[in-house]
Amino acid sequence: MDIRLAGVTVDFAAHGVRALDDVELSIAEGEQVALLGPSGAGKSTLLRIILGAIQPVAGEVRVSGLDPFGGSRDVTRIRRATGMVRQRDDLVRGLTARTNILIGHTHGWRPGDWWHVLRGRVPHRHLQRLHTLAVRHDIAQLLSTRIENLSGGQRQRVALVRALLGKPRLLLADEATSGLDPARAAEALAHLRDADAATLIVTTHDLTVARQFPRVVAVRDGRIVFDGPELPEEAVADIYGGRPAKVNS
Ligand code: ADP
Ligand code: MG
């Protein structure tokens with residue numbers, strides 16, 4: 001899916017915070033983009049407006065021509081076509097990896113499906129794809145394991161497979177490599193980039209993660225301060241340093 005933001009401004013008025021300030025951004029179908037910036041820069045907010053979860057006070061958002069604030073039909077179509085791996089691990093403890101993956105996809109379930117899934121069975125229409133994804137992302141041996149017995153990297157891959165099961169054309173990953181040691185982070189990144197979603201946006205505050213992407217969009221104080229294929233040292237100082245942010249266009 002392609003994404004277009006034009007003049008997008010997001011305020012959390014009650015907190016006196018401008019989270020995004022006049023953001024212009026276009027991402028084409030098929031691109032893999034790292035959204036880089038320090039904590040509080042506005043990265044998660046940007047992902048959430050794509051999903052229609054936070055409404056801008058100004059500007060226009062389009063996801064494959066659909067308007068996430070244009071009505072429930074557009075929102076539903078966007079959300080069905082999008083997979084999200086969240087910053088905080090929101091997998092459910094006490095349930096197996098398999099059940100966690102499946103309860104992310106309850107659309108169209110019949111009442112009896114819950115019973116089967118909670119007892120460890122996979123609805124027929126998900127069997128083949130779950131198997132393929134589990135093998136590809138190296139969790140096939142872990143599907144019957146409870147979430148709390150998995151390592152951080154393993155949980156990350158379970159969350160990824162959950163996001164991918166619905167065949168998303170857009171994959172959003174919010175700090176998906178944070179909290180993993182460097183080897184596991186590199187592995188998680190490789191899995192994300194190798195996923196079969198057309199468009200990928202990964203937020204990160206980690207420069208080395210961002211630099212592995214063909215396009216880096218850097219955000220600071222709600223503004224895009226860099227957008228390009230390779231991040232030069234001067235731009236790094238702009239993103240993290242004390243100097244006023246400069247727009248690189
Ligand atoms: P990042 O993901 O880059 O760390 P966020 O998008 O989460 O940044 O936040 C951007 C700014 O908006 C921060 O100042 C943050 O405190 C503020 N913010 C984010 N979500 C909310 C919210 N629900 N209510 C109030 N302020 C928020
Ligand atoms: Mg965030």
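Asp-221 is exposed, because its relative accessible area is 56% (exposed is over 50%, buried under 20%, partly exposed in between, with a 1.4 Å probe and protein chains only). Asp-221 lies in the loop between strand E8 (215-220) and strand E9 (223-228). Helices (H or I, at least four residues) and strands (E, at least two) are DSSP runs, numbered from the N terminus. This is a predicted model: local features need pLDDT of at least 70, side-chain atom pairs count only at pLDDT 80 or more, and totals for chains, interfaces and linings use all residues. Residues are numbered from 1 along each chain as its sequence is written, and side-chain values use heavy atoms, without hydrogens and water.

Look next at the backbone. Most residues other than glycine have a negative phi. Asp-221 is not a glycine, yet its phi is positive, about 50°. Asp-22 also has a positive phi, near 55°. Asp-22 sits in strand E2 (residues 17-27). With a relative accessible area of 42%, Asp-22 is partly exposed.

Now turn to helix H7. It has 13 residues (residues 182-194), and at 1.5 Å a residue it should span 18 Å. The expected span is 1.5 Å times one less than the number of residues. The end C-alpha atoms of H7 are 18 Å apart, which agrees.

Which residues of H7 are buried? They are Ala-185, Ala-188, Leu-189, His-191 and Leu-192. Seen down the axis of H7, these buried residues fall within an arc of 160°, so they line one face of the helix. The arc is that of the directions from the helix axis to the C-beta atoms. Their cover includes helix H5 (124-136), helix H6 (152-165), strand E6 (170-174), strand E7 (199-204) and helix H8 (207-210). Contact here means heavy atoms within 4.5 Å.

At the start of H7, a side-chain oxygen of Asp-181 comes within 3.1 Å of the backbone nitrogen of Ala-183. The charged end of Arg-193 sits over the ring of Phe-213, 5.1 Å from its centre. For this, NZ of Lys or CZ of Arg must be within 6 Å of the ring centre and within 35 degrees of the ring normal.

Helix H6 holds Gly-153. Gly-153 counts as buried because its relative accessibility is 7%. Leaving aside neighbours within four places in sequence, Gly-153 is in contact with Leu-180 and Arg-184. Trp-114 is 39 residues from Gly-153 along the chain, and their C-alpha atoms are separated by 27 Å.

How values were computed: Chains lettered and ligands numbered in written order. Polar contact = N/O pair within 3.5 Å; in protein donor to acceptor, adjacent residues only side chain to side chain.
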